[in-house]
Amino acid sequence: MSEPCVGPEEEDGEARGDRGVPWFVVGCGDDEQDMGQMEAGMKNEMFREEDMDDYDDESPPERQIVVGICAMMKKSKSKPMTQILERLCKFDYINMVIFPEEVILEEPVEKWPLCDCLISFHSKGFPLDKAVEYAKLRNPLLINDLNMQYFIQDRREVYRILQEEGIELPRYAVLNRDPDNPEECNLVEAEDHVEVNGEVFPKPFVEKPVCAEDHNVYIYYPTSAGGGSQRLFRKIGSRSSVYSPETSVRKTGSYIYEEFMPTDGTDVKVYTVGPDYAHAEARKSPALDGKVERDSEGKEIRYPVMLTAMEKLVARKVCLAFKQTVCGFDLLRANGHSFVCDVNGFSFVKNSMKYYDDCAKVLGNMVMRELAPQFHIPWSIPMEAEDIPIVPTTSGTMMELRCVIAIIRHGDRTPKQKMKMEVRHPLFFELFEKYGGYKSGKLKLKKPKQLQEVLDIARLLLAELGQHNDCEIEEKKSKLEQLKTVLEMYGHFSGINRKVQLTYLRNGQPKASSEEEDCKKDGPSLLLVLKWGGELTPAGRVQAEELGRAFRCMYPGGQGDYAGFPGCGLLRLHSTYRHDLKIYASDEGRVQMTAAAFAKGLLALEGELTPILVQMVKSGNMNGLLDSDSDSLTDCQQKVKARLHEIMQKGQEFTEEDYQKLAPTGSPSLVNSMKVIQDPVKTCDKVYALIQSLNSQIRKRLEDPKSADLQLYHSETLELMLQRWSKLERDFRMKNGRYDISKIPDIYDCIKYDSQHNASLGLEDTLELFRLSRALADIVIPQEYGISKAEKLDIAQAYCVPLMKKIQLDMQRTHEDEAVNKLHPLYSRGVMSPGRHVRTRLYFTSESHVHSLLSVFRYGGLLDYQDEKDQQWKQAMDYLSAVTELNYMTQIVIMLYEDNNKDPSSEERFHVELHFSPGVKGCEDEENVPLGFGFRPASSENQDKKPNQGSLEDLSQDQLDQAVPLSEPINIQRRSPMIRNRKTGSMEVLSETSPTQSSKGSTSHRLFPSGSRQSPEIKPASGLGSLCSGLFSASALGVSCSAPNLRDYVRTHHHLHRKPPLSPGSLPCQIGMFGFEGCSMVPSIYPLETLHNSLSLKQVDEFLNKVCESSSEAHAKTMKALSSLFDSQSQTSLYSPQQPLSSSGSETSLRPPSQPLWHGSIPSSAVSSAGPSSPITESSGLNFSFSE
């Protein structure tokens, strides 16, 4: 009935070879005595066999240690268990007995097999009570304590034990419901939070059933991110969660409520084997898009990651507190801390050979250490050689991409609208006081509850007005009605699309604008500004997602099976935790949604944006990092605006003097616009007349019953469109007959929107209005950021010093990688270069920051503008001054490369490139668009240090992806000609010259007269990176794919690429950069242009220092901003815990400024990868600590 099991192995281990595979005993339940006799008999048999093998060993047989496995068959026969038991059998003196499932379930414990050491654990259907009884009866050594397994089944107990051990866990509260009367419980539910036992949990929060066997965990999202909830469950096929519009919590059952931890979309699972061994794996968080990433064998994809010292300590505490030698638990890494959110008890890592070896070794040694003495077995703990970390190096003069920093403007939005009114009613003052407006004299109301209160006041005042015309209520009726209409607009409040600002005016409103009559009241009042509109449109989402997808192609990699498939390199890096990505966005809804849509495209995610937004996007409103308080303009900006207004109010043609005043930088884009305008007042007259005609056309449409309830783009109505335009008509021409120049950007905004999205209305003269308002806007918008170079710099510094400091840090900290989720080099199979790491930092913001940052690079003296030697920079400056508008999705990209062959302290070790794209193409840009010089053109002077796109993953390729012979890419090139119409390939590598090319072939490629750009043939030697350069049409890229299944993706999509080559310039506009022009008027985006590609890190670093230092008050402000940004209490996440987190004790302070950054870097021991959390304040104000 029982199979024989392996006997003691001889010391030299030779005998094992003859005997082949180890066996286990499956114990029988007939009778213990039989069992004992059988065992003895079996041993004797084995010894006879041994004696024959090895006759010189005459010592008496030592007793064997029997290890029993008592668990459900599904567990005891699982692959990991089998693998580990096979390895345990290789210990001399250890035998295994597996208890059969029917014995466990049916037989009394007295009939269970005997053992000296018991591995027993609960799973569904397992009789834990009997196992406890057996342990009492036989008293074996327990690998995992049995009584504690009752606690592990109850999440309340788990949390209690974790808390007692001082292990960090999310803030939580327990809601216990009596099943008989579920109504009686301490739960108060509001729109955006719940209150449990008096503790408030703002959304996003997590709701977990108290029973640990119940995997239906729900996450509830705030209305500002789109609301709804994510329902997690035990994996079914390829799904682990699903998004649901349901926003209210479950009403039956007992739950734990806890705050949601923003983990950047990754969960870490830790597996201990004893207190001193922990293996960690990261996987995509099930809440992100609910799609389980599986490999070719259908297993969930996970990657081993490194644990920090703190986390190893946590693993030790968990293992000891729950008395489970083999124990799995979940870690959430958020805000520089690691929180334990679940303890699962007995569990093994799946398919990691190294783990199987380690686990068997640790368990075997543990059993021997405990039991060998009492069995008189001679045994000593074997000494292990330390694991030597493998440090991969790159060969050749290839440079390695280390860091990508991008500053990106949000996508297409609905027109922004605002209304101002002065209010004096006591109800408004009460509201102002209630939310602490008197502290700063200003108040922003965005939350649904707050907006509801404003709406209630408006309704109340309108009702009173209706009854009698009382002069007590001075608020103008029409404005109150507009306030009410706008607040009622969507039928519900979603904080993303409306806000009310109140400002305290001590003596009422100073000057009369066009809308105010002269009857002024004295005494204090409040200025109420209502802002609405400005939401990201569906087109804006598509733009952002496509750009994210295109962005992947800037990353090297994607060879082997993926050759020629742009962007697979990034997915591979990201999915193997060698890509450290952080996405920041300002606190405006459109900016956050753009960031989430971009992340979806970049990482090939699926489904709704809400879960992506909550997990991946950090709020950048960290004292001005990405937000600018538009109301507090600097003095310089006020002066510039006044001068601008004065020049634009002249009723005559621009004179030579005006050109000097308005365009001192001589920028062609300005000069051209001034030529179009000639006489600013006459142009404004024309614009005004066109707006009047537009309004009368809309009114006519409204009278026509056929078109009255016409649905416009993004569910706007003709009525709303008319409100938009008639307000502009009222505001643009003031009472005194002069024009309000500050309305020009709004007019351009509206006409740009309507001519793109509502062209189907066929309104007359819209193109003329578009042309004229654009010419005006092209002067007004850029010049509001300064007219002379000095002003431009001054204003730019006011906006973006904090951001420049942050960029400087991002670049400096690349060589001290303290990334959160990092691939563990020793455990990773199939990843060629596990030590590689790329950092990506994306900053999504609005126009002001993009203008400012560009001004800094242009006028801050990065390179001498007049320097004849640097031809490249001069051309780049000419290109930038010809760009008229920084449209939606404008990008400024900084890429940092490292040359591993250069001395680490040399200036040539790190190399910086600067790229730029003016964003979305306008309605009729084709003919007069400035042309740059392509993406990463070669230049003869840096022939020797050409960063090679293909260098990140070596061409020897990961073991999984067989290497490709170098002739292969060329065939791909022939099979799938990339569409090369004018600037179609997004991130074209114009000629990635390799040292083998002659230098004459490597000058910048000039443009052809037709204005189309041809791309040089790709030479075989140019490295595979360049093959990924041309972007494929959206039909191929549009499929959301997940990194690991790219092969099938390649297979299924090959036919899509066999398109006839286009002759350059043959399709001026039909095929946009991504070829997604067909998607309901989504304009395409200009490809990146290289501004400079041979800057040294030292150059850029000194430049950023200089620019930041030169603005001293901005500097002080920055210090405040940065220190609070990384203060543990001002959480960097958009949705973050309310309570301050305790500091993690490990700080990294930046080096003092005296020591330049490119000499060496902090010894790694000083850098904690958990990320420090509280700022270190020093007199210099320069030592921060960062949790990034």
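**A close look at one helix pair**

Reply: Let's start with helix H11 (residues 426-434) and helix H13 (residues 448-467), whose axes come within 10 Å and cross at roughly 170 degrees. An angle over 145 counts as roughly antiparallel, so H11 is roughly antiparallel to H13. Keep in mind that this is a predicted model.

Which residues make the contact? On the H11 side they are Leu427, Phe428, Leu431 and Lys434. H13 brings Lys449, Glu453, Val454, Ile457, Leu460 and Leu461. Sort the residues of this contact by type and you get seven nonpolar, three charged and no polar.

Now for another pair to hold up against it. Helix H27 (residues 789-812) and helix H28 (residues 847-859) have axes that come within 7 Å and cross at roughly 105 degrees. That angle makes H27 roughly perpendicular to H28. From H27, the residues in the contact include Leu793, Ala796, Tyr799 and Leu803, and among those they meet in H28 are His849, Leu853, Val856 and Tyr859. This contact divides into 10 nonpolar, four polar and two charged residues.

Helix pairs aren't the whole story, so let's step back. The protein has 34 helices and 30 strands, and 59% of its 1188 residues are buried. Of the contacts with a separation of 6 or more, 75% are between residues 24 or more positions apart.

In one of them, the side chains of Arg63 and Asp116 meet at 3.1 Å, N to O. These two sit 53 residues apart, with Arg63 in the loop between helix H2 and strand S2, and Asp116 in the loop between helix H5 and strand S4. Arg63 is partly exposed, at 47% relative accessible area, while Asp116 counts as buried at 15%.

Glu259 and Arg171 form another salt bridge, with their closest N and O atoms 3.6 Å apart. Glu259 lies in strand S14 and Arg171 in the loop between helix H8 and strand S6, 88 residues apart. Both Glu259 and Arg171 are buried.

Then there's Glu885 with Lys752, a salt bridge at 2.8 Å, N to O. Glu885 is in the loop between helix H29 and strand S28, and Lys752 is in helix H25, 133 residues apart. Glu885 and Lys752 are both buried.

Finally, look for Lys235, Asp267, Glu281, Arg283, Glu300 and Arg302, which are linked in a network of salt bridges.

Notes: Residues are numbered from 1 along each chain as its sequence is written. This is a predicted model: local features need pLDDT of at least 70, side-chain atom pairs count only at pLDDT 80 or more; totals for chains, interfaces and linings use all residues. Side-chain values use heavy atoms; hydrogens and water are left out. Axes are lines fitted to C-alpha atoms, for helices over the stretch in contact, and angles run from 0 to 180 degrees between N-to-C directions. Helices (H or I, at least four residues) and strands (E, at least two) are DSSP runs, numbered from the N terminus. Angles under 35 degrees count as roughly parallel, over 145 as roughly antiparallel, 65 to 115 as roughly perpendicular and the rest as oblique. Contact means heavy atoms within 4.5 Å. Ala, Val, Leu, Ile, Met, Phe, Trp, Tyr, Cys and Pro count as nonpolar, Asp, Glu, Lys and Arg as charged, and the others, Gly among them, as polar. Buried means under 20% relative accessible area, exposed over 50%, partly exposed in between (1.4 Å probe, protein chains only). A salt bridge is a side-chain nitrogen of Lys or Arg within 4 Å of a carboxyl oxygen of Asp or Glu.
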